Amino acid sequence: MEFSIITEPASAWSADAVVFFAFKDADEYLPGFSSWMASDADWVAGSPALGDFSGELDNSSVIYGSGSSVQRVLLVGLGEEKDFSVDKFLQAVSTALRKCRELKFRTVGVPLVAFEGIPLEDKLEHFVVAAIEGLYSFDEFKSKKDEKKGLPETIRFLTEDEPPAHLAEMLLKGQAVGQGMGYARDLVNLPPNVANPVYLADEAKKLAKQYGFKFKAMKRKEIIDKGMGAFASVFRGSNDEPRMITLEYCPKDREGQKPLVLVGKGVTFDTGGISLKPTGFIEDMKCDMGGAAAILGFFRAIGTIKPDLPVVGILPCADNMPDASATRPGEVVTSFSGKTIEILNTDAEGRLLLCDALAYSAQFEPAAIIDLATLTGGCIVAFGWDVAAVMDNSALMQNLVIESGTRVGERFWPMPLWDIYKEELKSEVADLKNIGSREGMTIHAGMFLKEFVPEDVPWAHLDIAGPAWRKKKTPAGSAGGTGFGVRTLVEIAERIDLEDM
Ligand code: BES
Ligand code: ZN
Ligand code: ZN
């Protein structure tokens, strides 16, 4: 799909359909739509289809012209204005673009005046991301491809006056972010027999080559030799080779500056290990590398956006399998930090590979650390499917995450890491055990990770177990991986002041 900005008089606009928006139960149409009808499209105003339009979110009406260069109007509902927010806009646009595909439109026109009166910033960027998101599908393993997949071919942003310069920039950013999310979704949707740790390392290497990042991937022996006993305990039962991937991005004049470090859980399949998951809980566990996928999607996006700060990605990747050589509940391992861990549940494996990655991150001298992980089912119990938890040692980081997420329609909500929870992780035989009680499990996981964060480094842990994965398709998008986190990370990279941590 191609996007362009076209400057020409409204009388010359041509498209299979042009898109306008309207709120439900509004007294008047939005100003851009009203004035276009009055000056260039009286056929719209006279159409009975206009009267049938409800303005409900996820609903739209097609109004047909006859003989006009604009053949149709797709009027898209935004719901009630009082309930409006960025995620409603994203949903409305995604749903509308899916309808354009269903109706086999090749070119879709979006007059910039259609955005007037919608109370939101940067609508062009959001539109582009939502269009790419809505039209995403994963059919790599379908013998018969959807013949409509390539549609619409072009989206033209139409304007009568010379557009401001930052609009082209917004368009590029929207595309980079949309593609980054699509890439993260692909990685999650690929089955675990394809997207194994070696595959993820190859992908990271490709990104490095394409965008000039520094790349490294440690293999099994190096991980063990380095003393990453917690990480190693996760892949002991697996035939798939593990990888500890690092990617480094650094703008030219930022060398020597302390980086933002991103750590992502890359469990390419989580069976639970010897603490095997039961039917009903195991089927979707290819999603368990959603944190690593979001970071790879982020790197793909910043390859184009080129934010002005150094960023390091650390992705411990492994699959968690039961086997004769797998880790048994009750084993004690020594982590990279030197702390010993009693593993009482091999299904709490995410914190084991993350704790070594967090401790290892010290060698990059991080200015700040953010980790992303599909870490606990308890987070879904607490917040539902659409909200991620943020746990941290820094109010600044917490605010940054929540505010950045809010701007792009990704929801984060805090959980506390108070000392009272420390009791839960005390072991009879080792420095720590890897689980606490069920009650408060998401916080216990956060408390565990906190023990391994390099001293005095501001850090935020994002538990994305719910929003990384969508069980069923919705009017706005297909099921499976969602790319959750990519947008927030891009936003954070643009806002964070590493010298002010
Ligand atoms: N990968 C799971 C968490 C998960 C659950 C992600 C559902 C996405 C959807 C994680 O490794 C896990 O199994 N966690 C356990 C922790 C428990 C053993 C303390 C859980 O959530 O039950
Ligand atoms: Zn698990
Ligand atoms: Zn897991």
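User: Are D288 and E349 buried or exposed?

Analyst: Both D288 and E349 are buried. Buried means under 20% relative accessible area, exposed over 50%, and partly exposed in between (1.4 Å probe, protein chains only). This is a predicted model, where local features need pLDDT of at least 70, side-chain atom pairs count only at pLDDT 80 or more, and totals for chains, interfaces and linings use all residues. Residues are numbered from 1 along each chain as its sequence is written, chains are lettered from A and ligands numbered from 1 in the order in which they are written, and side-chain values use heavy atoms, without hydrogens and water.

User: Why does E349 count as buried?

Analyst: E349 has 1% relative accessibility, so it counts as buried. D270, at 3%, counts as buried too.

User: What coordinates the zinc ion (ligand 3)?

Analyst: K265 (NZ), D270 (OD), D288 (OD) and E349 (OE) do, at 2.0 to 2.4 Å. Donors are N, O and S atoms within 2.8 Å of the metal (3.2 Å for Na, K and Ca); water is not among the atoms, so sites may look incomplete.

User: Why is the site of the zinc ion (ligand 2) called irregular?

Analyst: Its 6 donor atoms subtend angles of 71 to 170 degrees, which makes the arrangement irregular. Six donors count as octahedral if opposite donors are over 155 degrees apart and all others between 65 and 115; four count as square planar by that test, or as tetrahedral if all angles lie between 85 and 135 degrees; anything else is irregular.

User: Which residue bridges the zinc ion (ligand 2) and the zinc ion (ligand 3)?

Analyst: D270 does, and the two ions lie 3.2 Å apart.
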